[in-house]
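User: I would like to learn how to read a protein model, one feature at a time. Please give the general idea before each case.

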Amino acid sequence: MKHYSLSNQLHSEADFKLPKYSDNHILNCMMDFQKLAQYQMQLAQMMRDHNQWLNCLILCDRAMFSMAKAIYVHRNQIMPLSISLSMNDLLRLIRSDAEPCLDMVLFMGTMHYLVSGEEEASRETMKLEEVDMLLYKTDSILERLSRRIITNPSKRYPSIFKENPFN
């Protein structure tokens, strides 16, 4: 299985210059990654509702990386067998001329650190309000990233908080 490095493949063009997809497979792959992020967030909300906070945060982390993979496919117009993204890769991938997005990359890195197992004491003392804040911020980031790659509003990532944030 070949692993692709992002360093040589990232374009410097802004994400909002949307290409016309001549290959339906690439579009479907991108949409599948976005749909995966959507499912992961729905599951994260269910885990939150059942006080499974670590599982909720793990799913939030995975959802952000799924959306990053959708951006990777969008930007490079390829479908690699596997995509492994470092924090530096995320910064180059998510950054655009119009929006530096350092806040998004820092949040993604922080979330990844929280679920990596290295900060166990913080997770044990976490409160529902903090989990809600992280869940809401993740959802907001996914909406922002989806707007960059999909022009049709009806096909973008739909917020899990459309009607009632925090049941």
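User: Is R62 buried or partly exposed?

Analyst: The model is predicted: local features need pLDDT of at least 70, side-chain atom pairs count only at pLDDT 80 or more, and totals for chains, interfaces and linings use all residues. Residues are numbered from 1 along each chain as its sequence is written, and side-chain values use heavy atoms, with hydrogens and water left out. Buried means under 20% relative accessible area, exposed means over 50%, and partly exposed lies in between (1.4 Å probe, protein chains only). R62 has a relative accessible area of 30%, so R62 is partly exposed.

User: Which residue forms a salt bridge with R62?

Analyst: A salt bridge is a side-chain nitrogen of Lys or Arg within 4 Å of a carboxyl oxygen of Asp or Glu. The partner of R62 is D61, with the closest N and O atoms 3.6 Å apart. D61 counts as buried because its relative accessibility is 2%.

User: How many salt bridges are found in the whole structure?

Analyst: The search finds six. One of them joins R92 and D89, whose closest N and O atoms are 2.9 Å apart. Helices (H or I, at least four residues) and strands (E, at least two) are DSSP runs, numbered from the N terminus. R92 and D89 lie three residues apart in helix α3 (residues 87-94), so about one helical turn separates them. R92 is partly exposed because its relative accessibility is 29%, whereas D89, at 8%, is buried.

User: What does S66 touch, leaving out residues up to four places away in sequence?

Analyst: Contact means heavy atoms within 4.5 Å. On that basis S66, which is found in helix α2 (residues 53-76), touches F33, L36, A37 and Q40. S66 and Q40 are 26 residues apart in sequence and 8.9 Å apart in space, C-alpha to C-alpha. Their side chains are joined by a polar contact of 2.9 Å. A polar contact is a pair of N or O atoms within 3.5 Å; within protein, one must be able to donate a hydrogen and the other to accept it, and residues adjacent in sequence count only if both atoms are side-chain atoms. S66 counts as buried because its relative accessibility is 6%.

User: How many helices and strands does the protein chain have?

Analyst: It has six helices and two strands, in the order β-α-α-β-α-α-α-α from the N terminus. Of the contacts in the chain with a separation of 6 or more, 72% are between residues 24 or more positions apart. Buried residues make up 43% of the 167 residues.

User: Where is confidence lowest, and where is it highest?

Analyst: pLDDT is the predictor's confidence in each residue, from 0 to 100. The mean for the protein chain is 81, and 77% of its residues reach 70 or more. Confidence is lowest in strand β1 (residues 3-4), at a mean of 40, and highest in helix α1 (residues 24-49), at 94. Over residues 1-21 the pLDDT is below 50, and this stretch has 48 contacts in the model beyond near neighbours in sequence. Where pLDDT is low, the predicted coordinates should not be read in detail.
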